[in-house]
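I opened this entry to look up a few side chains and their charged partners. My notes follow in the order I went through them.

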Amino acid sequence: MTDQTPASNITVRDAAARLGVTPRTLKYYEELGLVVPMRSEGGYRLYEQADLDKLARVLRMRSLGFSLTAITAMLQQPMEAPAEGGRPRLSNASLKTLRETLTGQLATLDARVAQVRRELKEAAALQAQLKRDLDYVERRLAGEPLEEALEQRRRERPAP
């Protein structure tokens, strides 16, 4: 007997392949409560698109340096009981906690963006220097006399 899997649900192996992680990573995230996949009649994990979207967000946050503790705190906020026919909603206390978490995460990202901009500026300066060095070496290999090559290099030196 084989399990019938709805077309919109995928196995842990397929979900892991789609997200570029190992099945063990997804099982670990489940242990942390970050995602709770459905189970087939045979007990296999089945991931819906909403699960994949949530996991992709977790992976993006991890790649930006957020800890699993911070991610878990943000994603696991208590919900109020839904009104009749409605969906569960975050309580005011949960919203306030979430606001604090998001504010902290934004500050962390702002600092990271500033750091990356500094690193890019430094990399661009180094790139320009290496291009000048390569140009000098190319001129010397082409037979340009040392004094002329050095003079050209002095003229190309960037202003401080």
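I started with Asp135, which is partly exposed, with a relative accessible area of 30%. The model is predicted, and I read every value with that in mind.

**Entry 1: Asp135 and its partner**

I looked for what the side chain of Asp135 meets. Arg139 and Asp135 form a salt bridge, with N to O at 2.1 Å. I then checked where the two sit. Both are in helix α5 (residues 92-141), and because they are 4 residues apart there, about one helical turn separates them. Next I looked up the accessibility of Arg139. Its relative accessible area is 13%. The cut-off for buried is under 20%, so Arg139 counts as buried.

**Entry 2: helix α6**

I moved on to Arg155 and Glu151. Their side chains meet in a salt bridge, N to O 3.8 Å. The cut-off for a salt bridge is within 4 Å, so this pair is counted. Both residues belong to helix α6 (residues 146-156). They are 4 residues apart, about one turn of the helix. I asked myself: is Arg155 buried or exposed? I found 54% relative accessibility for Arg155, so it counts as exposed. Glu151 has 35% and counts as partly exposed.

I turned to Glu30. Its side chain meets that of Arg39 in a salt bridge, at 3.1 Å from N to O. Glu30 is buried, at 17% relative accessibility. Arg39 is partly exposed, at 43%. Which residues are linked with Glu30 in a network of salt bridges? I noted Arg39 and Arg45.

I also wrote down the total. The model has 8 salt bridges by the rule used. Among them are the Glu30 and Arg39 pair, the Arg139 and Asp135 pair and the Arg155 and Glu151 pair.

**Entry 3: Thr72**

Thr72 lies in helix α4 (residues 68-75). What does the side chain of Thr72 reach? I found the backbone oxygen of Leu68, at 2.6 Å. I then set aside the neighbours of Thr72 within four places in sequence. Beyond those, Thr72 is in contact with Leu32 and Leu34. Last, I looked up its accessibility. Thr72 has 13% relative accessibility, so I logged Thr72 as buried.

Key: Residues numbered from 1 in each chain as written. Predicted model: local features only at pLDDT ≥ 70, side-chain atom pairs only at ≥ 80, totals over all residues. Heavy atoms only, no water. Helix = DSSP H or I, 4+ residues; strand = E, 2+ residues; numbered from the N terminus. Buried < 20%, exposed > 50% of the residue type's maximum accessible area, 1.4 Å probe, protein only. Polar contact = N/O pair within 3.5 Å; in protein donor to acceptor, adjacent residues only side chain to side chain. Contact = heavy atoms within 4.5 Å.
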